[in-house]
Amino acid sequence: MTVPREYFTGDYLKFTRLYSRLEVREELPQPGIQEKVIRCIWNDQLFKTRELRTTEGEKLEILFPGYWNFGSGPDFAKAIVKVDGKTIQGDVELHVYSTDWKSHNHSGNPDYDNVVLHVFMWKGRGKRPSSNPPRPSPRLPGAHIFELELKSFLKKGLLELDEQLDFDNYPVINKFNYGRCHEPLAKLSREKMAFLLSAAGDARINIKMNRFHDRVILYGYEQTFHEGVAEALGYPNNKKPFQALAERVPIAELKNLLPVQMKDNERVLHVQAILFGVSGLLNSRFSDPDAVAPGGKDYFSSLFRFWEKYKDRFPKTLSDAGVWRLGGIRPANYPYRRIAALSRLVVRHWRRGMFADYIDLLKSAISISGDKGYTMPPATARKIERFFCVESPDYWSDHYSPNGKKLSRPQQVLGPDRSREITVNIAIPIGLIYARAGKSTSLEAALGFLFQSGKSPAENKQVRFMKQYILGDRKDMVQLLSSDKQTQGLMQVYQDFCAQNENNCTRCPFPRIVGEYFA
């Protein structure tokens with residue numbers, strides 16, 4: 001197979017720059033909690049539902065939270081609530097502060113006439129609660145509207161919820177909702193639609209590349225690659241602690257500490273002991289080797305013995321094991337197994353480095369064939385996509401946790417789907433920095449081929465949303481998502497328009513711009 005002669009174009013970036021000059025965007029919320037966070041909390045009912053009381057003390061039950069509204073008007077439509085035993089149906093409006101209702105002039109907007117419940121996180125705006133709080137404030141204009149202040153009913157703190165939930169990738173719709181951009185996109189020819197998605201996919205890689213550029217200058221390719229891979233292993237809930245772990249245990253430091261003459265299996269144990277020790281998980285979760293699952297006692301005893309040897313070299317550990325989140329993720333993705341995977345990747349590429357080995361594999365995979373340009377055999381592309389897959393012939397191959405049950409059969413600690421995610425989000429952007437710095441068109445071609453290899457990528461919540469809301473789940477449009485390039489392009493459109501406008505179609509200029517720029 002061949003790739004186009006031009007790779008990772010800037011066409012979409014030119015379009016967005018034009019859009020930025022022509023469009024005056026609504027001012028986005030300042031850093032802090034955004035209204036969308038309140039919507040996510042309400043949608044999933046992440047509060048103590050049995051204890052709810054309105055601001056006037058009435059008992060409140062949520063029978064149905066309503067449909068997430070992506071158009072104008074209240075945030076949730078057709079909700080069903082019960083107030084002091086009386087069932088009421090209507091809309092729900094959510095805000096960060098109670099005073100936002102007045103500042104948004106909802107009382108004068110007939111779209112809000114059917115609101116029965118106004119939900120907000122705090123009364124007032126930025127005021128400290130009084131030690132002797134006043135009696136509940138009166139209801140908003142209109143006797144049918146009740147109010148709920150969420151702050152006292154949350155199941156967890158806002159910071160903890162913010163760490164556990166991926167709010168940026170959290171759109172929820174029902175199957176009858178379509179965005180305003182669906183119709184103009186559906187009118188585009190398949191060629192123009194494919195061009196839009198591909199150009200946006202290229203832009204997404206360029207944006208990711210810019211994110212790593214400064215770190216490459218400061219710390220070099222190997223350390224930046226190490227940190228990027230570690231961060232990707234922490235997806236979705238542990239990216240920050242994984243990145244911190246890689247920063248506190250640099251590749252160069254590991255190589256200085258461990259003897260040159262050491263068998264790989266022994267080196268893996270030393271690296272795991274250091275990573276588990278610095279992570280804080282060794283002392284907090286493995287503190288009693290006798291309590292671990294059968295077959296793990298010798299393994300964990302070795303980790304403790306080796307960590308005792310190295311711990312003075314790493315005084316800054318992630319000592320609060322609470323930074324690691326296990327809630328809301330599959331056991332196969334627990335940080336224990338991901339740290340084991342990172343250890344084996346480090347040792348696998350010990351001699352030359354993970355990034356150096358990756359670049360060498362790319363160089364060997366690409367060839368040039370006369371008028372066809374650069375080519376890469378599909379089997380070779382699949383091999384590169386599995387570069388980060390890890391078998392771990394030790395305790396973690398058949399356990400999810402230190403004291404968990406033994407699995408019925410061994411599993412990879414890092415499988416092909418996660419390897420491919422690392423390829424797209426880490427390896428291609430950093431590899432592109434290297435290729436362009438060296439003016440290597442062959443390397444850029446190899447990276448371009450990987451990005452558009454013809455395999456339908458794994459879906460996440462955001463992609464499922466976009467397929468339904470923007471593409472209308474139409475087969476002819478969804479079929480255009482034939483590779484990571486187009487899927488990443490769809491995600492970039494979401495970030496540039498849906499997320500910028502808080503998923504409110506009435507404020508989004510994208511439908512108009514599709515017609516003006518791409519039709």
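Student: Quick one to start: is Arg215 buried, partly exposed or exposed?

Tutor: Arg215 is partly exposed, with a relative accessible area of 23%. Keep in mind that this is a predicted model.

Student: And which residue forms a salt bridge with Arg215 at 2.8 Å?

Tutor: That's Glu227, where the closest N and O atoms are 2.8 Å apart.

Student: Is Glu227 buried or exposed?

Tutor: Glu227 is buried, since its relative accessible area is 5% and buried means under 20%. Arg215, at 23%, is partly exposed.

Student: What about Glu247, what does its side chain meet?

Tutor: Arg215 again: the side chains of Glu247 and Arg215 meet in a salt bridge, 3.6 Å from N to O.

Student: Which helices do Glu247 and Arg215 lie in?

Tutor: Glu247 sits in helix H7, residues 239-248, and Arg215 in helix H6, residues 190-233, so this pair ties together parts that are 32 residues apart in sequence.

Student: How accessible is Glu247?

Tutor: Glu247 has a relative accessible area of 37%, which puts it in the partly exposed class.

Student: Okay, another spot. What does Arg352 form with Asp360?

Tutor: A salt bridge, with 2.4 Å between the closest N and O atoms. As for cover, Arg352 counts as partly exposed at 37% relative accessibility, and Asp360 counts as partly exposed at 34%.

Student: How many salt bridges does the structure hold?

Tutor: There are 18 of them in the structure.

Student: Switching to the overall fold: how many helices and strands does the protein have?

Tutor: You'll find 20 helices and eight strands.

Student: And what share of the residues is buried?

Tutor: Of the 519 residues in the protein, 54% are buried.

Student: What about contacts, how many link residues 24 or more positions apart?

Tutor: Taking the contacts with a separation of 6 or more, 74% are between residues 24 or more positions apart.

Student: Last one: what does the accessible surface come to, and what part of it belongs to carbon and sulfur atoms?

Tutor: The surface comes to about 25,100 Å², and carbon and sulfur atoms account for 49% of that.

Definitions and conventions:
Residues are numbered from 1 along each chain as its sequence is written. This is a predicted model: local features need pLDDT of at least 70, side-chain atom pairs count only at pLDDT 80 or more; totals for chains, interfaces and linings use all residues. Side-chain values use heavy atoms; hydrogens and water are left out. A salt bridge is a side-chain nitrogen of Lys or Arg within 4 Å of a carboxyl oxygen of Asp or Glu. Buried means under 20% relative accessible area, exposed over 50%, partly exposed in between (1.4 Å probe, protein chains only). Helices (H or I, at least four residues) and strands (E, at least two) are DSSP runs, numbered from the N terminus. Contact means heavy atoms within 4.5 Å. Accessible areas come from the Shrake-Rupley method with a 1.4 Å probe; for residues, only the protein chains shown count as cover.
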